[in-house]
Amino acid sequence: MKPKLLIKDISDFEMLVNTHTDKLTQTAFLKIGNLQDAEDLVQDLFINLWIKRDSIVVHGPVYNYLYVSLRNKIMNYFAKAKLRQDVKNKLAANLEVVDLSLVNLLIEKDLNTLFSEILSELPDHMQKIFKLRNEDFTLKEIAVALGLAEQTVKGYSAEMHRRIKAMLIERHPEFARSLTVMLSFLLIK
Amino acid sequence: MDQNQLKKLIKKYQEGTASAAEKFVVEYWYESLGQQKNKDSEIDFIPDRENLKQRIVWAASEYNR
């Protein structure tokens with residue numbers, strides 16, 4: 001699709017409003033949980049488009065452009081200092097998802113590398129234990145395999161968890177709490 | 001992660017200073033909003049937003065040069 005001026009005149013604008021208002025309002029409402037505020041955000045969005053119409057050029061599908069504009073509006077809305085209780089509840093309900101998303105992120109992306117870096121800094125016996133734990137061996141089986149007492153392996157294992165956690169938090173202090181959540185997925189089996 | 005941490009992340013995101021990881025988290029969180037099916041979906045039963053549409057077009061005409 002060729003880039004084109006989104007709104008040339010008021011009839012373009014009316015058409016845009018008539019076509020997209022329902023969907024945008026529904027999206028905003030689902031995201032923030034308050035219909036009045038959702039309508040206000042959508043109205044704001046369209047009025048901004050109208051004011052800046054001479055400079056708004058759209059490169060792809062119009063709805064995608066509107067969706068991203070709405071996302072910005074909603075992000076600003078959530079970033080505002082004072083939120084009503086119902087909106088706060090909505091926000092809180094989704095915080096667990098953020099932690100889960102971190103877990104995915106840490107497993108799939110750059111922290112995979114970070115993790116192997118951290119592992120390589122551990123003493124040999126801890127690396128072995130980590131590897132075997134990841135292969136679902138029990139502490140007892142690991143003890144037998146390494147010729148150690150089960151109690152010793154338990155101690156090494158706890159120390160290993162402590163060190164991995166400390167090293168991760170040292171590198172990513174902003175995610176300290178979420179890292180704890182992540183470790184509960186990765187390490188506690 | 002608490003609300004203040006999330007707000008800080010959103011602010012960084014909006015200012016364009018978020019790292020790739022932080023961007024991923026904010027967008028993942030945003031996409032997850034409203035995904036759960038619950039009583040919120042009662043908006044389905046609210047008729048088209050004709051009043052809102054008229055209000056928007058009227059407000060725009062107020063800005064006309």
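**Exercise 1. What pattern does chain A follow, read along the sequence?**

Keep in mind that this is a predicted model. Start by counting: chain A has 10 helices and 2 strands. Now put them in order, and you get β-α-α-β-α-α-α-α-α-α-α-α.

**Exercise 2. Find out how helix 2 of chain A packs against helix 3 of chain B.**

Then see who makes the contact. From helix 2 of chain A come E39(A), V42(A), Q43(A), F46(A), I47(A) and W50(A). Helix 3 of chain B brings L52(B), R55(B), I56(B), A59(B) and A60(B). Sort these residues by type, and you have 8 nonpolar, 1 polar and 2 charged.

**Exercise 3. Which residues of the largest nonpolar core touch the most other members?**

This core has 31 residues, and the ones to pick out are A28(A), L41(A), V42(A), F46(A), I74(A) and I10(B). Two or more residues each come from helix 1 (10-32), helix 2 and helix 3 (62-79) of chain A, and from helix 1 (3-15), helix 2 (20-32) and helix 3 of chain B.

Zoom in on V42(A). Leaving out residues up to four places away in sequence, V42(A) touches T21(A), L24(A), T25(A), A28(A) and L52(B).

Finally, look apart from this core: another one has 8 residues, including F130(A), I142(A), M160(A) and L168(A).

Notes. Residues numbered from 1 in each chain as written. Chains lettered and ligands numbered in written order. Predicted model: local features only at pLDDT ≥ 70, side-chain atom pairs only at ≥ 80, totals over all residues. Helix = DSSP H or I, 4+ residues; strand = E, 2+ residues; numbered from the N terminus. Axes fitted to C-alpha atoms, helices over the stretch in contact; angles between N-to-C directions. Contact = placed C-beta atoms within 7 Å. Nonpolar A, V, L, I, M, F, W, Y, C, P; charged D, E, K, R; others polar. Core = buried A, V, L, I, M, F, W, Y, C linked by C-beta atoms within 7 Å. Buried ≥ 20, exposed ≤ 12 C-beta atoms within 10 Å, placed from the backbone.
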